Amino acid sequence: MSKYLSIVEWVIDNDPHCCGYCKGKGSLSDGVWGHVLSPYDYQDLIDRGWRRSGKYIYKPQMDKTCCPQFTIRCDVENHHFSKSHKATLYYMRKRLNHGQDNMTDSKVKSEIITRMADDPNNSKNIDLEQRKREDLEGSEKARHKRQLRRISKGLPVHKGVLRDPPKLIEQRLEEGLKLTRKNETTFTLTGAKNAMEIELVCIGSERDLETQDESHEVYKKYQVSIHNDDPDDVAKKQWKRFLLDNPFREKGKSGHSSGLKLGLYHCQYRLNDKLIAVGVLDFLSESISSVYFYYDTEYESLNLGTYSALVEIYISRFYRFEWYYMGYYIHSCKKMRYKRNFRPSYLACPKSFEWLPITKSICDLLDKDSHSRLSDENIKDRRSFDLPLNLILNGVGPKVLYMRQVLSWQEYLLLVEKEALEEDDLKIVQRYCSLMGRDLSTAICLYRS
Ligand SMILES: [Zn+2]
């Protein structure tokens, strides 16, 4: 367990912002600046709906914001494949074994169409309902075929005995390829013609410094071509602030069961030594949390967004993490629905912070009202810390950092004049405690000037 204290500062931001999803002006969130944050505390923060961008940690106002953002995570221990995920791995295998020429193979083309249904960048072209129907029809035909085969062999045709046990992600990822490990954090998948090296680069390491320029080049190309960013907005400084700055201060190995130092990593994908994609990942106490992903758009046909998520699930399992967090899930945003295909996945209820499996009834609930809570009304937040103002004035509150001293709220009130505390300021403390919950309010220091 890391020993250092987490220190955050409240950021006053009451105005709604432009929303990147619905393009309206109704995005509302609360935020703190993470001066220092342990990956253990950050794990607890994301479990309460927070998320970071650089050193800024924010939490959407789930009852007010235009596009409510639910924390979504996948259970990597019990992960199972969708048809399009299998197709993504199949296509990568083809590419590594046969090279680019195989693009003309009609079977490969049909596989690309299959995987497109899950791809957030392509979802606009595909009617998902129609795909679902086709999938069902396809699986029905396959079931019938299997039954005939078993009958011809004189085997029983009972439901449940037809299938072989599903293959694990470890088996599927290296199927038809050779997996070799160069060191603790690098492995290579080699095919007959090409090789893909996947390396976890710890931010702040020598390897990070060595590879920054080529990584930034891939980022620039991606932002300009996929997000239509102005080339002036994707300078190295901005890239660093967005994807390298972080509040973690781990020094050396943490004694965590993964055997790795926790904190921020860039997972670099090299096809025959050329950097083609980067996954930005936080390694936390119980999970790997995906921060961002960018790739060289020349390799768009490899469906790298889905491929990297599958690799990240594989990495989570390899280092014995229980969960893989896929950022936020916005039900009203069709581009995000691909996240539900990583099964089994769960959403955090914005009121109780209980995890609920993504079922049809949860989707129906969100179809009716995207702001609705997910767990039953009677399930309460077990860590709630909703304080009336008079209790705060009487010494119940968060841990604080004041004049370079770590103080309990009660000690802090003895140092400052209670009367000097303005009501607006008290309300911020009240809101902070409510959003953090009891445990985090007393684990993390709130910076007070
Ligand atoms: Zn919106």
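Visitor: What covers the buried residues of H6?

Guide: The cover includes helix H7 (236–243) and strands S9 (263–271), S10 (274–283) and S11 (287–295). Helices (H or I, at least four residues) and strands (E, at least two) are DSSP runs, numbered from the N terminus. This is a predicted model, in which local features need pLDDT of at least 70 and side-chain atom pairs pLDDT 80 or more, while totals for chains, interfaces and linings use all residues. Numbering starts from 1 along each chain as its sequence is written.

Visitor: What makes Ser215 count as buried?

Guide: Ser215 has 23 C-beta neighbours inside 10 Å, and buried means 20 or more other C-beta atoms within 10 Å, with C-beta atoms placed from the backbone (12 or fewer is exposed, in between partly exposed). Ser215 is therefore buried. Val218, Tyr219 and Tyr222 of H6 are buried too.

Visitor: Which residues does Ser215 touch, beyond those up to four places away in sequence?

Guide: They are His266, Gln268, Leu275 and Val278; contact means that the C-beta atoms, placed from the backbone, lie within 7 Å.

Visitor: Where does H6 bend?

Guide: H6 bends at Gln212, by about 50°, the angle between axes fitted to the seven residues ending there and the seven starting there.

Definitions and conventions: Two residues are in contact if their C-beta atoms, placed from the backbone, lie within 7 Å.
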